[in-house]
Amino acid sequence: MIEAGCVQADDRQAGYAHRRIDLMSWTTYRDRLLDDPIIFLPVGALEQHGPHLPMGCDAILAAAITARVAEALDGLQLPALTYGYKSQARSGGGQTFPGTTSLDGATLTSLVRDIIREVARHGGRRIAIVNGHVENQWFLTEGIDLALRELASSNRQMQIVRCEYWNYTPQAILKGIFAGAFPGVDLEHAALLETSMMLALHPELVAMDAIPEDATGQFPAHDSYPHHSRGVPESGVLAPARAATAAVGITLIDSTVAEMVSALAREFA
Ligand SMILES: [Zn+2]
């Protein structure tokens, strides 16, 4: 158990369970909707994350960060979507790994549209979709857009934000962690950032001795189809992860959550 920062006393989000819509009765949910809470939807993927991290990493991290932000903003949390859009070579290693289990774009778009429509039917008016998987971004946007278009005729007022949690991590924190050698979010797949945050949250799910020695992925500036794995390190880890520590993970989570809380508080004010 890590005893530092906001990760303290959190084992599998137990401290935040009272915000989980899937763990409440419908009557509790109905009553809490009267306060017009922000309703959070974390989204991840089932995707290879190297030999040392679980494949549910993106959803686990998105849900953990969401739980903390929802706590700070008195929001409610929907169950995470634990499947995402197809892995791309330059950001997730691509679709060639066993276990990577991906949705068509239209499927993800429909899931998001349907969930928004249902929340609107319940009377929810404010939604924040917290994305943990690079490849999901535009399909989430499409789901939001289709839902809003559908709801426009029904007089239901909705405000929706789509965010990628990593965009809130302060640059100064990244500079400190990478000493100026930050490879970029895409290449950070299963690498220092995700491994550190998983060490902070779920050390029992990280196999430190399986962290590979592979070099950083080398890619052209384009994507190729059909998918191939040229340039993808054999391990699926796209940048070095060996320096990962729980302390780095706590710093990342705390600073990211703090920024996200103030940004979303302003947005939904
Ligand atoms: Zn990931």
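**View 1. The second largest pocket of the predicted model has a volume of about 160 Å³.** This is a predicted model, in which local features need pLDDT of at least 70 and side-chain atom pairs count only at pLDDT 80 or more, while totals for chains, interfaces and linings use all residues. Residues are numbered from 1 along each chain as its sequence is written, and side-chain values use heavy atoms, with hydrogens and water left out. A pocket is an open set of points on a 1 Å grid over the protein atoms alone, with protein on both sides within 12 Å along at least five of seven lines; lining residues have an atom within 4 Å of a point. Grid points are joined across faces, edges and corners, and a volume is the space filled by probe spheres set on the points. Among the residues lining this pocket are Arg90, Phe219, His222, Tyr225 and Arg230. The lining divides into four nonpolar, five polar and three charged residues. Here Ala, Val, Leu, Ile, Met, Phe, Trp, Tyr, Cys and Pro count as nonpolar, Asp, Glu, Lys and Arg as charged, and the others, Gly among them, as polar.

**View 2. The largest cavity has a volume of about 210 Å³.** A cavity is a set of grid points where a 1.4 Å probe fits but cannot get out. The lining consists of 20 residues, and Tyr165, Trp166, Val185, Glu188 and Glu194 lie nearest the centre. Helix H7 gives the largest share of this lining, three residues. Helices (H or I, at least four residues) and strands (E, at least two) are DSSP runs, numbered from the N terminus.

**View 3. Helix H7 (residues 192-201) is mostly covered, with 10 of its 10 residues buried.** Buried means under 20% relative accessible area, exposed over 50%, and partly exposed in between (1.4 Å probe, protein chains only). Glu194 is one of the buried residues. The buried residues of H7 pack against helix H2 (57-72), helix H6 (171-178) and helix H8 (246-267), where contact means heavy atoms within 4.5 Å.

**View 4. Four strands form an open, parallel sheet in the order S2-S1-S3-S4.** Strand S2 (76-77) and strand S4 (159-164) each have a single partner strand, so one side of each is left without a neighbour in the sheet. Two strands pair if DSSP finds at least two bridges between them. Strand S3 (residues 126-131) is joined to S4 by six bridges, and Val130 has Cys163 as its bridge partner in S4.
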